[in-house]
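Please bring up the sequence and the model. I will go through some strands, a sheet and a pair of helices.

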Amino acid sequence: MDSLTDVAGLQVGHARVPGALALSGTTVVLAPRGGAVAAVDVRGGGPGTRETDALDPRNLVQRVDAVVLTGGSAYGLDSASGVMSWLEEQGRGFQVGPDPAQVVPVVPAACVFDLGRGGDWRARPDAATGRAAVQAAAGTESGAPVEQGNVGAGTGAVAGGMKGGVGSASLKLPSGIVVGALAVVNAVGSPVDPLTGVLHGEYGWGRPAYPSPATHQEAQRKLAEAREHQAQPPLNTTIAVVATDAELTRAQAQKLAGTAHDGLARAVRPVHLLHDGDTVFALSTGTAAVPDLDGLNGILAAGADALSRAVVRAVRAAESVHGPGGSFPAYRDLYPRSVPT
């Protein structure tokens with residue numbers, strides 16, 4: 001199905017902040033019971049994160065129970081507390097006492113800046129939003145496709161003045177190992193080649209659909225006009241989860257998170273700026289053995305490819321938003337013949 005949930009055991013759920021002037025939400029990647037090996041690589045200059053120190057391979061905790069991707073800037077990180085409370089109720093987490101119920105769920109999180117994009121500066125995710133998102137994830141069937149576009153943490157996402165969103169993709173290697181990615185595309189840089197109108201991440205994947213020069217010129221005019229009516233600059237960031245069913249150590253998972261940033265750099269330009277907080281988490285569910293060093297290199301390369309495709313799919317799936325918080329045209333409306341139906 002070409003999404004993160006092709007990695008068996010992972011579930012994804014979204015929740016949106018309620019209200020007519022709200023344009024934000026939360027996305028949760030729920031690990032299998034018992035958790036997943038995890039790592040993180042932060043390269044943006046303005047990150048907003050929670051519990052990322054726990055993922056250092058030198059530290060105690062070996063597995064995480066969920067990863068939270070959220071809107072609301074640093075305020076939205078409160079959504080992770082709602083995920084933690086739900087996991088505690090399920091008895092899922094790092095056991096810290098003799099009673100099986102005495103657990104501390106490990107829930108790293110990262111946020112994007114979308115404050116005020118719906119018109120209400122204070123409409124942001126909270127613990128209730130996180131709880132709704134993790135419940136939505138738990139309610140999905142195994143392998144259910146990930147909903148994409150203006151959902152969850154991508155509800156208010158903007159990339160280079162254009163509407164961003166959530167996208168997901170996956171690859172199956174010749175060994176049978178699966179590598180998947182989920183991205184929340186909300187960047188200072190643009191996903192679009194300014195010379196052609198082709199999405200950067202499409203180069204190298206078959207034949208890009210080149211819009212006509214007239215279409216591209218008109219799209220650039222509309223986008224420039226929309227930027228003049230955007231209340232806030234396109235701050236930060238692109239955050240993602242890359243996962244595999246291969247059995248990785250935490251050090252290997254950290255390498256996967258790092259090489260996945262290559263895919264982000266292909267799909268959004270420029271990237272890793274001071275106004276970005278680009279963060280990639282890596283998860284390993286460990287149900288498949290890595291055959292050898294070449295096999296591990298294949299996984300690392302696939303992580304970058306999957307993330308690049310996830311960015312493309314996020315931009316393609318996004319829908320235009322016009323409201324009191326600004327006008328954010330979508331790629332599908334600016335370049336209608338370049339988006340597959």
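Strand S12, residues 165-172, is mostly covered, with 7 of its 8 residues buried. Buried means under 20% relative accessible area, exposed over 50% and partly exposed in between, with a 1.4 Å probe and protein chains only. Strands here are DSSP runs of E with at least two residues, helices are runs of H or I with at least four, and both are numbered from the N terminus.

This is a predicted model, so to speak of a local feature we need pLDDT of at least 70, and side-chain atom pairs count only at pLDDT 80 or more, while totals for chains, interfaces and linings use all residues. Residues are numbered from 1 along each chain as its sequence is written, and side-chain values use heavy atoms, leaving out hydrogens and water.

Back to S12. Its partner is strand S13, residues 178-185, and the two pair in the antiparallel sense over 8 bridges; pairing requires that DSSP finds at least two bridges between two strands. Glycine 167 stands opposite alanine 183 in S13. The hairpin has 5 residues between the strands, and glycine 176 in it takes a positive phi near 95°.

Next, the open sheet. Its 5 strands come in the order S1-S2-S6-S9-S4, with mixed pairing. Strands S1 (11-16) and S4 (49-50) stand at the edges with a single partner strand each, so one side of each is left without a neighbour in the sheet. Alanine 15 has threonine 26 in S2 as its bridge partner.

Helix H1, residues 79-89, packs on this sheet and touches S2, S4, strand S6 (66-70) and strand S9 (109-111); its direction makes about 155° with that of S6. Contact means heavy atoms within 4.5 Å. Angles run from 0 to 180 degrees between N-to-C directions, and axes are lines fitted to C-alpha atoms, for helices over the stretch in contact. Which residues of H1 are buried? They are Ser79, Ala80, Gly82, Val83, Met84, Trp86 and Leu87. Just after H1, glycine 91 takes a positive phi of about 70°.

Last, the helix pair. H4 (residues 250-267) and H5 (residues 293-317) pack at about 40°, their axes 7 Å apart. That makes H4 oblique to H5: under 35 degrees counts as roughly parallel, over 145 as roughly antiparallel, 65 to 115 as roughly perpendicular, and the rest as oblique. Among the H4 residues meeting H5 are Leu256, Thr259 and Gly263; the H5 side includes Leu300, Gly303 and Leu307.
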